[in-house]
Amino acid sequence: MWSPSSLALSVALSVALTAALPPPRPATPALHPIIANGSSVAVPYMGEAFLFCSVAEPTRQVQWRDPSNAPLPAWRPTASRYHLGSGKHLPHAYLLFRDFRQEHEGLYTCVARGGAGQEGRASVTLTLQRPSVPRP
């Protein structure tokens, strides 16, 4: 059994040790980008594609990357593929294609980065839509 003095000492030590420990750090939340178009999109030859990626959590940057993992360029009048809306602190980014061709096929990734160094990714596979052949 505990004597009153040893119980008081135990409680005092427990309180002192608990007060001396640093508070636990909250876990860094993961970022979860969502591509509204799904995970696979077929685009007609020389057609247009408009992909949208959004992130519900606070982000520092949302950016699209091509199949080689290189960032896609911003809009230019002559570009056949480009991104819009991936500036800092925007919770979304668009990926646009015009005149879609076979060399544009591949896995495109939306990358979201947060202020605490966390990163989330979502990908979509773009393929060239094969023309349907009418059956007699």
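Trainee: Which residues touch the most other members of the largest nonpolar core?

Mentor: A nonpolar core is a set of buried Ala, Val, Leu, Ile, Met, Phe, Trp, Tyr and Cys residues joined through side-chain atoms within 4.5 Å. Buried means under 20% relative accessible area, exposed over 50%, partly exposed in between (1.4 Å probe, protein chains only). Here the largest core has 22 residues, and Leu51, Trp64, Phe97, Tyr108 and Leu126 touch the most other members. Several strands each supply at least two core residues, among them E3 (49-55) and E6 (92-97). Strands (E, at least two residues) are DSSP runs, numbered from the N terminus.

This is a predicted model: local features need pLDDT of at least 70, side-chain atom pairs count only at pLDDT 80 or more, and totals for chains, interfaces and linings use all residues. Residues are numbered from 1 along each chain as its sequence is written, and side-chain values use heavy atoms, leaving out hydrogens and water.

Trainee: In what order do the four strands of the open sheet come?

Mentor: Two strands pair if DSSP finds at least two bridges between them. The order here is E2-E8-E7-E4, with mixed pairing. E2 and E4 are the edge strands, each pairing on one side only.

Trainee: How many bridges join E7 to E8?

Mentor: Eight, and these strands run antiparallel. E2 and E8 run parallel, joined by five bridges. There, Pro44 stands opposite Gln129 in E8.

Trainee: Is E7 mostly covered or mostly uncovered?

Mentor: Mostly covered: seven of the eight residues in E7 are buried.
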